[in-house]
Amino acid sequence: MTILSLGFILLAGLLAGKLIRKIKIPTVTAYLILGILIGPSALNLVSAGIINSSGLISNIVLSLIAFSIGQNFSLEVFRKIGRPVMWISILAALTPWFLVTVFLVILLKQPFYIALLFGAISSATDPAAPIMVVREYRAKGSFTDTLLGIVAIDDAWCLIIFALSFAVAKAVAAQTISNAVIFKVIGRSLFEIIGAFLLGGGLALILAFLSRFITTPADLLIYTLGFIFLNTGLALYLNFSVLLANMFMAAILVNVLKVSFKFFEALRTIDSPLYLLFFVLVGANLEIGLLTSLGLLTMVFIIVRSLGKISGAYLGGVLAQVPARMKKHMGWALLPQAGVSLGVALVAKAEFPQIGGVIFSTIVAATVFFEIIGPIWTKMSLKKAGEI
Amino acid sequence: MQVKDCMTKEVISVKRSTTLSQLIKTFQKYNFHTLPVIEQDNRLVGIINFEDILKVFQPYSEDLSTMLKTIPFLDMEYKEEDFLSADISSEIGVLILVDDIMNTRFAAISAQADINQARREMKLHNILRLPVVEEGKLIGVISLFDIILAVFREKEVIK
């Protein structure tokens, strides 16, 4: 049944992706909606075996995503992206993280570690929707270029913010059980983060050194995947951050090896079906029953995240001294949310089974909202900036 | 046998400042798929394939496109332009330079390397020609055909 479900998911996902592109919605949304439809909460068309393996698949896929995104952390990229993209992208990620965390603690009286996870997830912007709008309306100009630069680097900031917040959240959650003191929380978080850096960095050096013995494209793919799995497996075993370990492995690789691009290109040959499967499973994991009780939480999340994105982009614009139209409208263009935020929400769900369902379902509901409304805001801001 | 023993020393190359029109004419004239891009002092700074010409149709700058390609689940169609239906102006022949569309991520080989290593690199990167460098400067190009010729000469299949 599991293999039959896999075949069904891949083919139905392909069809759903083709259909949804006709109404100008990103393919990831099609996979998500398909997952919700065929999941246990709705039509129940996929085997329990597949649903139960969501944790395994999400760890594998998020490792690949983190590794792929990590290649942006090269000195060359940082030199090229420029101050406006750097400042606006960082503040448009940090501000929603801060505001959502604070509002959830103060307004909704949520425990700190839950609010922190919501905050971290809120920092991501879906790159697909703004790019689709830019392409659709043939937007051109400095606002468009800055917007695209921001969405290209944004996932990287989100993964870092999430990885750090996740480490702290786990330490804080453990503290409530064992009554450990504050330095234990800090110590445990630092252990997870520094350990990930050392593991990813060490493995990157070994990967680069031994790569001289790899002679064929097939071997290269096996070699790259092998190292990613080794890195992920060791990170899980040693309680280090999986996301940071893989990002750091990629970051070290691009900075020490001139031909590192070959590893990332090798992975591209196999990643599409894995991403499809991953996003369908994200949808299938949604517990629709939970949604009815989450109205207020979802509403606060949507409003505060939007406030955070808009004010964060404004602050970033002030620091980078960009023109007023960019400061005013950039945040609105960054509202779409999908991809990475769903992935990390699934990680949160797996780590915190008791409250994970609430976090995950809220994020899926907010994603559906942001993916439908977000592109409209992106279009409006491009229009107000005078670039369509 | 070392790469320097069988490489081609007279290399057709282009500069960063070569215009798109000049580049296309060079491709037409020499019928190579790949050309090295060098600085005034012969330093190898990039590689350009004739597929790279398609980048003039993409709506983003080359740096941005490189970054967008790292976004894992972005639909391919948003990363590339459909050039068959794109609007282009006749001025791009002089406005676009090799610098705008060349690849700065490329494979190269040292002149002292063994030809077995050159062949391995070609297989690994799925290419048929490799630029040969010494201290970062371009000193030749080695192709699969150069390797075949060298081997056949050594075995005295050809004189």
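User: In this predicted model, is B:Val98 buried or exposed?
Analyst: The test is a count of other C-beta atoms within 10 Å, and 20 or more means buried. B:Val98 has 22 such atoms. Therefore B:Val98 is buried.

User: Which helix of chain B holds B:Val98?
Analyst: The helix in question covers residues 98-101 of chain B. B:Val98 lies in helix H6.

User: What separates the C-alpha atoms of B:Val98 and B:Leu23?
Analyst: Along the chain, B:Val98 and B:Leu23 are 75 residues apart. B:Leu23 is also one of the contacts of B:Val98 beyond four places in sequence, a list including B:Val14, B:Val37 and B:Ile48. The C-alpha separation is 7.4 Å.

User: What share of the contacts in chain B with a separation of 6 or more comes from residues 24 or more positions apart?
Analyst: Chain B has eight helices and six strands. Its C-alpha atoms fill a box of roughly 55 × 35 × 30 Å along the principal axes. Residues 24 or more positions apart account for 62% of those contacts.

User: Which strands stand at the edges of the open sheet in chain B?
Analyst: Three strands form this sheet, in the order E1-E2-E3, with mixed pairing. An edge strand has a single partner, so one of its sides is left without a neighbour in the sheet. The edge strands are E1 (14-15) and E3 (44-49).

User: In E3(B), which residue is the bridge partner of B:Pro36?
Analyst: Strand E2 of chain B covers residues 34-38. E2 and E3(B) pair in the antiparallel sense over five bridges. In E3(B), the bridge partner of B:Pro36 is B:Ile47.

User: Which elements give two or more residues to the side of chain B that touches chain A?
Analyst: In all, 21 residues of chain B are in contact with 33 residues of chain A. The elements of chain B that give two or more residues to this side are helix H3 (62-68) and helix H7 (115-125).

User: How do the residues on the side of chain B that touches chain A divide by class?
Analyst: This side of the contact is made by 21 residues of chain B. They divide into twelve nonpolar, four polar and five charged.

User: Which helices do the buried residues of H12(A) pack against?
Analyst: Helix H12 of chain A covers residues 261-268. A:Phe261, A:Phe263 and A:Ala266 are buried there. The buried residues of H12(A) pack against helix H10 (217-238) and helix H11 (242-256) of chain A.

User: At what angle do the axes of helix H15 and helix H16 of chain A cross?
Analyst: H15 spans residues 295-320 and H16 spans residues 324-333. Their axes come within 7 Å. H15(A) passes H16(A) in a right-handed crossing. The angle is roughly 145°.

User: What classes of residue make up the contact of H15(A) with H16(A)?
Analyst: On H15(A), the contact residues include A:Ile310, A:Tyr314 and A:Val318. On H16(A), they include A:Met326, A:Met330 and A:Trp332. By class, the contact has seven nonpolar, four polar and two charged residues.

Note on methods. Residues are numbered from 1 along each chain as its sequence is written. Chains are lettered from A and ligands numbered from 1 in the order in which they are written. This is a predicted model: local features need pLDDT of at least 70, side-chain atom pairs count only at pLDDT 80 or more; totals for chains, interfaces and linings use all residues. Helices (H or I, at least four residues) and strands (E, at least two) are DSSP runs, numbered from the N terminus. Two residues are in contact if their C-beta atoms, placed from the backbone, lie within 7 Å. Ala, Val, Leu, Ile, Met, Phe, Trp, Tyr, Cys and Pro count as nonpolar, Asp, Glu, Lys and Arg as charged, and the others, Gly among them, as polar. A residue is buried if 20 or more other C-beta atoms lie within 10 Å of its own, exposed if 12 or fewer, and partly exposed in between; C-beta atoms are placed from the backbone. Two strands pair if DSSP finds at least two bridges between them. Axes are lines fitted to C-alpha atoms, for helices over the stretch in contact, and angles run from 0 to 180 degrees between N-to-C directions. A crossing is left-handed if the near helix is turned anticlockwise from the far one by less than a right angle, and right-handed if clockwise.
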